Amino acid sequence: NDLLYAMLLPSANDAAVAIADNYPEGREAFVKKMNDKALLLHLTNTHFADPTGLDDDENYTTVIDLARLGSHAMKNKTFAQIVGTQNKVIFNTS
């Protein structure tokens, strides 16, 4: 839960990497799942090469795909609650 808050509020990319690295089949499987989900959501101009979207020319998206993703994500109560939070203190930094 703390990793989600860290990833979504201040955009802590290390939290995104930690989540991906702890996915049952590892980071590569996590990124594949991200791309599978993008296709399921009809984000046809989006591709993920890593969990952060940084430092890789194979990460790309469009404004329209981001809007679609955001609209879909806001239907998730946990996501909506997290991104609607103004302040969050995370106690466990290990």
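**Pocket, salt bridges and ring contacts in a predicted model**

Helices H1 (2-8), H2 (13-21), H3 (27-40), H4 (63-73) and H5 (77-83) each contribute at least two residues to the lining of the largest pocket; helices are DSSP runs (H or I, at least four residues), numbered from the N terminus. This is a predicted model, in which local features need pLDDT of at least 70 and side-chain atom pairs count only at pLDDT 80 or more, while totals for chains, interfaces and linings use all residues. Residues are numbered from 1 along each chain as its sequence is written, and side-chain values use heavy atoms, with hydrogens and water left out.

**Salt bridges**

- The structure holds three salt bridges, each defined by a side-chain nitrogen of Lys or Arg within 4 Å of a carboxyl oxygen of Asp or Glu.
- Asp-21 pairs with Arg-27, with the closest N and O atoms 2.8 Å apart.
- In helix H3, Asp-36 and Lys-32 lie four residues apart, about one turn, and their closest N and O atoms are 3.0 Å apart.
- Arg-68 and Asp-65 form a salt bridge at 3.5 Å, N to O; the two are three residues apart in helix H4, about one helical turn.

**Ring contacts**

- There is one aromatic pair. The ring centres of Tyr-23 and Phe-30 are 5.4 Å apart and their planes lie at 70°, so the pair is edge-to-face (ring centres of Phe, Tyr or Trp, its six-membered ring, within 6.5 Å; planes under 30 degrees apart are stacked, over 60 edge-to-face, the rest tilted).
- The charged end of Lys-88 sits over the ring of Tyr-5, 4.6 Å from its centre (NZ of Lys or CZ of Arg within 6 Å of the ring centre and within 35 degrees of the ring normal).
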